[in-house]
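Me: I have a model open and would like to learn how to read it. Could you walk me through it, one feature at a time?

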Amino acid sequence: MSKLIIAGREFNSRLFLGTGKFSSNDLMKESIIASETEMVTVAMKRISLGDANDDMLKHIVDKNIQLLPNTSGVRDAKEAVFAAKMSREAFGTNWLKLEIHPDPRYLLPDSIETLKATEELVKLGFVVLPYCQADPVLCKRLEEAGAATVMPLAAPIGSNKGLRTEDFLKIIIEQSNVPVVVDAGIGAPSHAAAAMELGADACLVNTAVAVAGDPVRMAKAFRDAVICGREAYEAGLGAVTAGEAVASSPLTSFLG
Amino acid sequence: MKIKVNGEELELQDGAVLADVCTTLGIEGKGVAFAIDSDVIPRDEWASTKLVDGADVMMIRAACGG
């Protein structure tokens, strides 16, 4: 499997892992290790003076992991820029998963605010990885604005529905000059493998691992699925026929 | 003096600076960021940013999320 390169940084893993919804910090930590991911998303919250000692970062132990702070909770570009500046101070990185989803019911990204925020954050020196609709036109606009990747959704966040946007993901992958990370909705390793076989550069998975019966084993399953899918893509999949069988064994010269 | 951190009152010694908020709460600064009146305060200014009575401080830290 070739290395993934984003904004000049090399990654051996093409699986990004989110840290939400794990039932314990220990399970999160072990799942991160098992997944062999090198990119982990984190969120931000206001400190409550009562639980000021709740530090999740101490459970992300591998120094090689790139933290990818997200802007979850912001409603527009202005709030996203503020959150980005806060995250840069908090985490000491200018990498950012830009996500602007003002509607709490479907958590679908606001394309207009996402593009506006990307333009501004790139000017401020951020490495912007925008979570976005699987909209090929929007993805080109984000690329032109300087996004380091595009991260189109497969299905609504946390839905586990798989590649509902497959036809559009194919167009985005065909057209993109920046890495395409399929984010949101991936519910099973087979979904991740399918996305990678299409030519996606990486997958971001959270819920499917965190809520699995055994998150650590599921993290390994996703690790393997992403590798398998990418290997298949790089190996070159055979063409799909119109419907009729094409023999793989000789049909003549055996029984006369 | 009293300041507000995320709307909650916090008692600090007179002349306290922003870095003292971490010390008072007993937390390291890793994964933490501050804003005063919606202005993000760079980490290297925490030790020199003087707080005034009634200051409205926003303090965030790392949380789990996807």
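Reply: Gladly! Let us begin with a term: two residues are in contact if their C-beta atoms, placed from the backbone, lie within 7 Å. A residue is buried if 20 or more other C-beta atoms lie within 10 Å of its own. Keep in mind that this is a predicted model.

Me: Against which elements do the buried residues of α8(A) pack?

Reply: They pack against β3 (15-17), α1 (25-35), α6 (189-198), β10 (202-205) and α7 (207-210), which belong to chain A. The buried residues of α8(A) include Met218(A), Phe222(A), Val226(A) and Tyr233(A), and Arg223(A) and Arg230(A) are also among them.

Me: How many Å should helix α8 of chain A span?

Reply: The expected span of a helix is 1.5 Å times one less than its number of residues. Helix α8 of chain A covers residues 215-235, which is 21 residues, so it should span 30 Å; the end C-alpha atoms are 30 Å apart, in agreement. Just after α8(A) comes Gly236(A), with a positive phi of about 95°.

Me: What does that reasoning give for helix α2 of chain A?

Reply: Helix α2 (residues 77-91) has 15 residues, so 21 Å is the span to expect, and its end C-alpha atoms agree with that at 20 Å apart. Eleven of the 15 residues of α2(A) are buried, so-called "mostly covered". Among them are Val81(A), Met86(A) and Phe91(A), along with Arg88(A) and Glu89(A). Just after α2(A), Gly92(A) has a positive phi of about 65°.

Me: Now a strand. Is β7 of chain A mostly covered or mostly exposed?

Reply: Mostly covered: six of the six residues in β7 (residues 127-132) are buried. Look at the side chains by direction. Val127(A), Leu129(A) and Tyr131(A) point one way, Val128(A), Pro130(A) and Cys132(A) point the other way, and all are buried.

Me: Which strands pair with β7(A)?

Reply: To read pairing, look for bridges: two strands pair if DSSP finds at least two between them. Strand β6 (residues 95-98) of chain A pairs with β7(A) in the parallel sense over four bridges, and Leu98(A) has Pro130(A) as its bridge partner. From β6(A) the chain crosses to β7(A) through helix α3 (residues 111-123), a β-α-β crossover that is right-handed. Strand β8 (residues 151-152) of chain A is also parallel to β7(A), joined by two bridges, with Met151(A) as the partner of Tyr131(A). Here β7(A), helix α4 (residues 136-144) and β8(A) form a right-handed β-α-β unit.

Note on methods: Residues numbered from 1 in each chain as written. Chains lettered and ligands numbered in written order. Predicted model: local features only at pLDDT ≥ 70, side-chain atom pairs only at ≥ 80, totals over all residues. Buried ≥ 20, exposed ≤ 12 C-beta atoms within 10 Å, placed from the backbone. Right-handed = clockwise from strand over helix to strand, strands pointing away.
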